[in-house]
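Here is a short briefing on one protein chain. Look over the sequence and the fold, then work through the points below.

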Amino acid sequence: GVINVINGFGETAGAALTEHMDVDKIAFTGSTEIGKLIQIACAKSNLKRCTLELGGKSPLVVFDDFEDIDEAVKICHDCIFENAGQCCCAASRTFVQAGIYDKFVAKATEMAKNRKVGNPWEDVDQGPQVDKESFDKVLSMIESGKQEGAKLECGGERQAKKGYFIQPTVFSDVKDDMKIAKEEIFGPVQSIFKFQTMEELIERVNNTDYGLAAG
């Protein structure tokens with residue numbers, strides 16, 4: 001077979017593909033807002049098949065009977081900070097049972113503080129956000145977390161005066177009705193929620209408009 005790679009922007013190259021009558025299938029990974037536009041374009045043209053992988057607020061749950069809390073902290077850290085948080089299925093809601101909550105938060109904060117941010121072509125753990133629009137959105141989401149009363153454990157600011165680098169950020173005492181709990185951040189921000197019982201947990205993790213992943 002032959003693969004053709006067409007470079008271009010969404011509003012030009014992307015629009016041409018979704019609206020073209022000879023294109024039979026579109027697959028898109030990105031925001032919910034753009035996904036809606038693509039689905040409309042696919043329907044209006046030739047009813048082409050359409051596969052969408054859009055945003056998420058995926059929960060990752062840690063129970064207090066887990067034997068190795070350091071391993072749990074590392075798994076949760078990797079699942080949100082990978083690729084500077086720019087992952088559709090990032091575990092952006094970390095639920096930790098009350099019995100180990102404070103200890104978990106302390107260890108997660110320390111791990112985030114030790115994360116090295118910088119030029120991705122050098123020996124670092126985290127590079128920049130993809131562009132200024134994404135950079136500004138992440139910082140605005142962080143600010144909303146501060147304003148709504150989540151406890152900022154570390155980070156919360158840009159990393160350097162130049163470039164789109166953001167400090168690895170950890171919030172604790174996050175409530176389900178906060179903006180950072182409901183909307184996709186798509187950046188290096190770990191929100192840690194406390195839960196007591198399995199019954200409470202099931203209701204809370206499913207209280208979301210998204211349904212991309214869970215762990």
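A residue is called buried when its relative accessible area is under 20%, exposed when it is over 50%, and partly exposed in between, using a 1.4 Å probe and protein chains only. By that rule Phe-95, at 0% relative accessibility, counts as buried. This is a predicted model, where local features need pLDDT of at least 70, side-chain atom pairs count only at pLDDT 80 or more, and totals for chains, interfaces and linings use all residues. Residues are numbered from 1 along each chain as its sequence is written, and side-chain values use heavy atoms, with hydrogens and water left out.

**The chain as a whole**

- The protein chain has seven helices and seven strands. Helices (H or I, at least four residues) and strands (E, at least two) are DSSP runs, numbered from the N terminus.
- Along the sequence, the pattern reads α-β-α-β-β-α-β-α-α-β-β-α-β-α.
- The C-alpha trace spans about 60 × 45 × 40 Å along its principal axes.
- Of the 215 residues in the protein chain, 40% count as buried.
- Take contacts (heavy atoms within 4.5 Å). Among those between residues at least 6 apart in sequence, 65% join residues at least 24 apart.

**Nonpolar cores**

- A nonpolar core is a set of buried Ala, Val, Leu, Ile, Met, Phe, Trp, Tyr and Cys residues joined through side-chain atoms within 4.5 Å.
- The largest core has 20 residues. Val-62, Val-96, Phe-104, Val-170 and Ile-192 have the most contacts inside it.
- Strand 3 (59-62), helix 3 (69-81) and helix 4 (101-113) are the elements that give two or more residues to this core. Helix 3 gives the most, with six residues.
- A second, separate core has 18 residues, including Met-141, Ile-166, Phe-171 and Ile-180.

- Thr-94 sits in strand 4 (residues 93-97). Thr-94 is buried, with a relative accessible area of 0%.
- Leaving out residues up to four places away in sequence, Thr-94 touches Leu-60, Cys-76, Phe-104, Gln-190, Ser-191, Ile-192 and Phe-193.
- With neighbours within four places set aside, Val-96 is in contact with several residues, among them Val-62, Tyr-101, Phe-104 and Phe-195.

**Aromatic pairs**

- Rings of Phe, Tyr and Trp (its six-membered ring) pair if their centres lie within 6.5 Å; planes under 30 degrees apart count as stacked, over 60 as edge-to-face and the rest as tilted.
- The whole structure holds three aromatic pairs.
- Phe-63 and Phe-195 are edge-to-face, at 5.5 Å centre to centre and 85 degrees between the planes.
- Phe-63 lies in the loop between strand 3 and helix 3, and Phe-195 in strand 7 (residues 189-195), so this pair ties together parts 132 residues apart in sequence.
- Phe-63 is partly exposed, at 27% relative accessibility. Phe-195 is buried, at 0%.
- The ring centres of Phe-95 and Phe-193 are 4.7 Å apart, with planes at 20 degrees, so the pair is stacked.
- That pair links Phe-95 in strand 4 with Phe-193 in strand 7, 98 residues apart. Phe-193 is buried, with a relative accessible area of 0%.

**Helix 7**

- Where is Val-205 placed? Val-205 belongs to helix 7 (residues 198-205).
- Val-205 counts as buried, at 15% relative accessibility.
- Leaving aside neighbours within four places in sequence, Val-205 contacts Pro-59, Val-61, Arg-93 and Phe-95.
- Val-205 and Gly-1 are 204 residues apart in sequence and 43 Å apart in space, C-alpha to C-alpha.
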